[in-house]
Amino acid sequence: MLKTLLDRIQRLFLLGRGQPLALFILGTLLLVNVLSEVDWAPRSQPGALQQASAVLGSPFRVGRQALFDGYQQLHPRQSQSAPVTIVAIDETSLTQLGQWPWPRNRTGALINAIAAHQPAAIGLDIYMPEADQTSPARVADNLPPGHTELATALRGLPSHETQLAAALRAAPTVLGAAGFDFQTLSSSAGLRTQPLTVGAGADPLAHVRNYPWVLASLPELQAAASGQALLSVDMTGGVVRRMPLVMAVNGQLVPGLALEMLRVATGSSAIEVAMDARGIKSVSVADLKVPTQPSGEIWLHFAKASAGAARYVSAAAVLAGQVDPELLAGKLVLIGLTGQGLSDQRVTALGEMVPGIDIQAQSIESVFDGRVLLRPWWMKWLETLLIGGIGGLLVWRMSRAHAPQQDAALQTLPLRALWLMLSLTLVLLAAGDAAFVWGAQLVDAASAVIILLVLLASLVLSAMIAVSRRNALLAQEQQRLREEAAVAAGERSAAWRIQLGSLPKAEHLLAREKRLDLATLLEPAKDVGGDLYDFFMIDAQRLGFVIGDVSGKGLPASLFMAVTQTLTRSIAKHAHAGPAAVADLANSELASSNPEALFVTMLIGVLDLESGLLTLVNAGHDSPWLIHPDGSMAHLDSPPDAGGPPICMVDDFPYQAQQAQLAPGDALVMYTDGITEAMNAGNEIYGGERLEKALQQAGTLSAQALIERVRVDVGRHVGTSEASDDMTLLVLRWTPKAQS
């Protein structure tokens, strides 16, 4: 079953056959991208689809937000007018007038001082849900006994709320409130606001942000003000990017500060909300119409904080009469906290940290100047069609390169794919930038780049698998032809040279490698044999190695050895697979075409030359010896849950790897049974005990000297007897300290 599954996966990735797989990947990515931008109803509890969208769509959302922020950082908003002035309760005001909160009568005096300059409207980013404890009556209640006359006099004075309410009533004022998702001691379930006029279409409550609770000012202050507005802003990743113009409190539509300030300034009776089937289409105040997202939000186009510094004036200067009247006359004036420790600092899409009141000022300016950013509902579908078209064209074009005559083109495919990806990225980013600058439209080029990059990667992988498969098949065919020619011509010695020539040589492959001392020995019992070894650098840090013994002798075993060597090297190097995966795939591939029913015992390992970590799979092979520099040695036996039978012995066997940590100077001695089963004239085998004795006290020998010691000792035992089996040794010693 496992063999069938692996075979199907390989077939799926082959070009031509891989076309349906690539189209499936493209379709899945497009679907996840669309779901990642669905404007989920903010009132409902997250469902399974919403949760899946949040997880799978995270890369798309992060890329999209980063791109949109990048547009703003390249092209910050340039103010066309200066309709807003911020009266800041700043450090100077706190130093001169006392700590916050101020008595309400002082706040009323500030409103009166501003109103004297006839502003268009005054908005307060201040919440006053509880009574002022410094009001005269409150002070009278706290006097000690014996001050009856003073207490009576104080109770005869108007409360600070009364004085503030009078100031609010005498000026065009808007009180701010904050929406809460939970109840607090000072929160309430409703807000006194001017009703919004809703046109025909969908129910806006199904689309806007709905808060069940609100932190608002006292009812008498709400009644005195000309309007109420919510100041709440939802952030994504700690950054303010969108501003709601319409929200709801406990099912009651409430305007944002920008709209309510404009309504009060123009003397309009109501804010009009235009609807369509997808949600809120636009909001209007007097003759100003602002298009919105279906949720009633706009994407803010931020100006740099330095550009808005001129809009700030200190509250202390206003109360002292030291302010330029032009900064207040006819302006939309905001009162907010900016003093140290008081202001609500927010991060904008420009990466700047500004007071929360500045965010409100920028939203009013954007609406006033008609420069709001939009991402129309159809934009995502247009992007999806465009990406799907480009992706489908790529799949179709690259699937035509699967014919054998296209192999040369496939070899250069990664480089061509890289240039194609760079070109597409530049085109998409340029198109998105142009749409931002000239149309105030947000085009999501980031998702397109992500999708096309993944698609190209899958197509390139498909192409490389196809090339690797063809090369492996070609190598097998060439080896078979060479072996047949040698047998037919009686040139068995040539076949022997071919076999040895196919094996790597340490002096060539590892000539510059100082972290490893490696030596090998292979002596076939006949002209050609079935033993094999191989080693290769997987990357700059990891060495892969193999030693094996094919069942049988002669040419059949030699051919099976060549196929096994080619296959294991191809899997380990090109797929970067671990030893267990190499064993699994080799077992699957060799078993699928094995008419002689041969099998091969193998050790497949990877040594990290930096850390000394050894990962090893023992497929029915003799356990190697691990020799330490002090001469001590031990068999590196596989634990019960690792290793497995010889390759091609059991179909679909799940091989497991073992790991061992080498110390500097440790040597690993691997051998085939041609060593331990070598017999002398008396049919006495060499055996494991003799091998162990030959390896004793070899802790400091070089790999080549160690092999020579074993070879001489086996030769002394065998004498003049003919070798009955191939003899192979692979010795490697880890020498990290030798690296300069």
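Buried means under 20% relative accessible area. That cut-off is used in the legends below, which describe a predicted model.

Figure 1. Gln293 sits in the loop that links β14 (288-291) to β15 (297-299).

**Figure 2. The crossing of helices α11 and α13.** Helix α11 covers residues 257-266, and helix α13 covers residues 356-369. Their axes come within 9 Å and cross at roughly 60 degrees. α11 is therefore oblique to α13. The crossing of α11 past α13 is right-handed.

**Figure 3. Residues in the contact of α11 with α13.** α11 contributes Leu257, Ala258, Met261 and Leu262. From α13 come Gln360, Ser363, Ile364, Val367 and Phe368. Sorted by class, seven residues of this contact are nonpolar and two are polar. No charged residues take part.

**Figure 4. The whole chain, for context.** The chain has 740 residues, and 50% of them count as buried. Its secondary structure comprises 24 helices and 29 strands. The accessible surface comes to about 33200 Å². Carbon and sulfur atoms account for 58% of that surface. Among contacts between residues at least 6 apart in sequence, 77% join residues at least 24 apart.

Conventions. Residues numbered from 1 in each chain as written. Predicted model: local features only at pLDDT ≥ 70, side-chain atom pairs only at ≥ 80, totals over all residues. Heavy atoms only, no water. Axes fitted to C-alpha atoms, helices over the stretch in contact; angles between N-to-C directions. Helix = DSSP H or I, 4+ residues; strand = E, 2+ residues; numbered from the N terminus. Parallel < 35°, antiparallel > 145°, perpendicular 65-115°, else oblique. Left-handed = near helix turned anticlockwise from the far one by under 90°. Contact = heavy atoms within 4.5 Å. Nonpolar A, V, L, I, M, F, W, Y, C, P; charged D, E, K, R; others polar. Buried < 20%, exposed > 50% of the residue type's maximum accessible area, 1.4 Å probe, protein only. Areas by Shrake-Rupley, 256 points an atom, 1.4 Å probe, with all protein chains shown as cover.
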